[in-house]
Amino acid sequence: MPSKCAGVETGAQREDFWNITFPPCIDRSVCGTEDADSVLKSQRQIGAEIHSIHENIRDYDIGNTTVSMCSKLNTFHDLLSYYDQFVTNFPKSDQVTYQQDRAAIHAGISKWMARETMTRGQLNMELMKEKQLEKERREQERAAAIAQAENERKLKEEKKRQAAEAKAKAEADKKALAAAFEQRLLAALAERQRFFVSTLTAGPGQPLGSVRDLFSYAYLQVQNSLVDIASREYEPTAKGEFETSDAYKARIQTEEKAFLAETETRLKAAQAKAADTLKGALQKMFGRVRVAGAVYDADQQVFSGVLVTPHKVEIGQVHFKVPLDVAPQVKQRLTHSDVILGFDMSQKNRALLDKAVIVDRNAADPAQSNFYDATVQASSVDTSTEALDAWLAAYTEMVEKQKAEQAEKARQEREAYAKRYPYTATVSCNLGRLAICLGKDGQVKVRTAEGADTITSYSHSGDSDVEIPLSYRFEVLAQNGGSRNRVLSVTISETTSGKVVWQDATAEPFGVLRASN
C-alpha cells in the first residue's frame with residue numbers, strides 16, 4: 001500500500017459502511033470448525049464487496065481526492081486480510097475465485113499507483129481532452145437538437161401550408177359550387193315566364209298597406225322617370241351680340257335637333273332599363289319578404305305559409321313542394337331564405353303576382369343548395385294610367401290625412417306637456433359647458449310638484465345649456481362655483497310661447513340665484 005494512505009480510515013472500520021456480518025471468531029483472531037457456517041457466509045459477503053469496490057475503481061482524475069482513493073485501497077487491504085484468513089483456515093474455499101479476485105484487485109491498485117506517478121500536466125491534458133470531447137459531444141447534441149427543431153419547424157410550416165391550401169381549395173370549391181348554383185337558378189328563372197324580383201337584400205321596405213300600394217308606388221316611380229325624360233323641352237339660348245339673325249336661327253335649329261336626338265337616346269336607354277329600374281323600385285318597396293308560419297304536410301310533402309314584408313304586410317298564402325328527406329333542414333333555414341316574387345306582366349295594363357321561388361342557399365355546403373317553385377295567393381294590380389292616377393289621388397289623400405293626424409297628435413302632446421310643465425328653466429355658463437361654472441362647489445337645486453333634483457358638474461359634465469321642466473309651483477336655487485370670471489345664468493320662460501318671465505346671472509364666486517313661484 002502507498003505510504004501516503006497510512007492513517008486513512010477504512011471502510012471496513014465503519015460498522016455502518018458495509019453490509020457484512022463478521023463471525024464472532026474474528027474478535028478472538030482464531031476461527032475453528034464450529035465457526036465454518038458463519039465464516040463462509042462472511043467470506044461470500046466480503047467477496048461480493050471486493051467485486052463491487054473493484055468494479056467502481058475508475059481511472060484517477062483531478063476530481064478524485066487522495067483521501068477517498070486511499071480509503072478504498074485500505075478497505076481492499078482489510079478485506080483481503082479477512083479473505084486470506086478465511087481461505088487459510090478453510091482450504092475447501094473457492095481458491096480459483098479467490099486468486100482471481102486478488103489478481104484483479106492488485107491490478108487495479110497497480111494501475112492507480114502508476115497513474116499517481118504521472119505529472120499534473122499530463123493529468124490536465126487528459127482532463128482537457130476529456131472536457132473537449134465532452135464539449136464536442138454536447139455541441140453535437142445541440143446541433144442535432146437544432147436540426148431536429150428546424151425539421152419540426154419545417155414540418156409544421158409544411159402542414160400549415162398544406163392546411164391553408166386545403167382551406168383555400170375548399171373555399172374555392174364552395175365558391176365555384178355557389179356560382180354554379182346561381183347560374184342554374186338564373187337559367188331556371190329565365191325559363192319561367194315571369195318578371196322575378198329577388199328580395200334577399202331589399203332592406204326594410206315601405207309601410208304601405210297592400211300589394212297594390214307597393215306595386216303601384218314603384219310602377220309610378222318608373223313611369224314618372226320616363227315621363228320626365230320625354231317631357232323635356234328645348235330652351236334656346238340668347239342671341240349673341242355679334243351674331244347675325246340668320247346665324248342665330250341656324251344655330252338654334254342645330255342645337256334643338258341635337259337636344260331632341262339626345263332626349264330620344266336617353267328615353268330609349270331608360271326604356272331598355274325600365275325592367276331593372278322597376279325591379280329595384282319593387283325591392284325598395286317590398287323590402288325583404290319572408291315565409292311566416294310555415295307548416296309542413298308530410299303526406300303531400302308541401303310547405304304552407306304566408307309571405308309577409310318587414311312591415312307585416314301580408315302578400316298572400318304560399319305553398320311549395322319540398323322532399324321529405326330535406327324538409328327539416330329547409331325549415332331551419334327558411335327564415336333566411338331568399339323569396340323571389342314572380343309577376344305576370346304579359347297582359348296589357350295588368351300585373352299579377354301569383355308565383356314565387358323559394359331559394360334555400362346552404363352556405364356550409366353549396367352543393368346542397370336548392371330552389372322550389374311556389375304558388376302565391378294571386379294579387380292583381382291595374383297599371384293603366386287611369387287606375388294609377390286614381391290610386392295616386394287616394395294615396396295622396398291618405399298621406400295628407402295621416403300627416404294631419406300626426407300633427408294633431410303632436411299638438412295635443414305639446415299642450416299636455418305645457419299643462420304639466422308650464423315653465424322651463426335654462427341654466428347656462430358664459431364659458432360654454434355648465435360644468436366649468438359649477439366646478440366642484442357649485443350646484444343647481446330644483447324643487448317642483450313632482451319632486452326635487454340636484455344638478456352638479458359631475459351629473460352634466462358635457463352639457464352646455466341645461467333645460468329643466470318646471471311645474472306651476474317651483475323653486476330654483478343655483479350656486480356658482482368658487483372660481484372667478486365664471487358667469488352662471490338662469491332664465492325661466494313659458495313652455496308654450498317661449499316668453500321670458502325671469503332671468504338673472506352671477507359672476508361672483510359662490511354667488512347664489514333664487515327663483516320661485
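User: Which residue takes a positive phi in the hairpin of E2 and E3, and near what angle?
Analyst: This is a predicted model, in which local features need pLDDT of at least 70, side-chain atom pairs count only at pLDDT 80 or more, and totals for chains, interfaces and linings use all residues. Strand E2 (residues 290-297) pairs with strand E3 (residues 302-308) in the antiparallel sense over 6 bridges, where strands are DSSP runs (E, at least two residues) numbered from the N terminus, as are helices (H or I, at least four), and two strands pair if DSSP finds at least two bridges between them. Asp 297 of this pairing stands opposite Val 302 in E3, and in the hairpin, which has 4 residues between the strands, the residue with a positive phi, near 55°, is Gln 301.

User: Is Leu 307 buried or exposed?
Analyst: Leu 307 lies in strand E3, and its C-alpha atom is separated by 6.2 Å from that of Ala 292, which is 15 residues apart from it along the chain. Leaving aside residues up to four places away in sequence, Leu 307 touches a list of residues that includes Val 289, Val 291, Val 313, Ile 315, Leu 341 and Val 376, where contact means heavy atoms within 4.5 Å. Residues count as buried under 20% relative accessible area, exposed over 50% and partly exposed in between, with a 1.4 Å probe and protein chains only. Because its relative accessibility is 0%, Leu 307 counts as buried.

User: How do the 20 residues of helix H6 compare with the span they should have?
Analyst: The expected span of a helix is 1.5 Å times one less than its number of residues, so the 20 residues of H6 (residues 211-230) should span 28 Å. The buried residues of this helix include Val 211, Phe 215, Tyr 219, Leu 226 and Ile 229.

User: At what angle do H6 and helix H7 pack?
Analyst: Helix H7 has 28 residues and reaches 40 Å from its first C-alpha to its last, close to the 40 Å expected. Axes are lines fitted to C-alpha atoms, for helices over the stretch in contact, and angles run from 0 to 180 degrees between N-to-C directions. The axes of H6 and H7 (residues 245-272) are 9 Å apart, and the packing angle is about 170°. Angles over 145 degrees count as roughly antiparallel, under 35 as roughly parallel, 65 to 115 as roughly perpendicular and the rest as oblique, so the relation of H6 to H7 is roughly antiparallel.

User: Which helices do the buried residues of H7 pack against?
Analyst: The buried residues of H7 are Ile 252, Phe 259, Thr 263 and Ala 270. Two of the residues that H7 brings to its contact with H6 are Thr 263 and Ala 270, and H6 contributes Leu 226, Ile 229 and Ala 230. The partners of the buried residues of H7 are H6 and helix H8 (274-286).

User: Which strands are at the edges of the open sheet of 4 strands?
Analyst: The sheet has the order E11-E8-E13-E14 with antiparallel pairing, and within it strand E8 (residues 423-429) is joined to strand E13 (residues 488-494) by 7 bridges. In that pairing Tyr 423 stands opposite Glu 494. An edge strand here pairs on one side only, which is the case for E11 (466-470) and E14 (500-506).

User: Where is Thr 448 found, and is this residue buried or exposed?
Analyst: Thr 448 is found in strand E9, which spans residues 443-448 and is joined by 5 bridges to the antiparallel strand E10 (residues 451-455). E9 and E10 form a hairpin with 2 residues between them, and in this pairing Val 446 stands opposite Asp 453. Not counting residues up to four places away in sequence, Thr 448 touches Pro 469, Leu 470, Ser 471, Arg 473 and Phe 474.

User: What share of the 517 residues in the chain is buried?
Analyst: The secondary structure of the chain comes to 11 helices and 15 strands. Of the contacts with a separation of 6 or more, 66% are between residues 24 or more positions apart. The buried share of the 517 residues is 33%.

Definitions and conventions: Residues are numbered from 1 along each chain as its sequence is written. Side-chain values use heavy atoms; hydrogens and water are left out.
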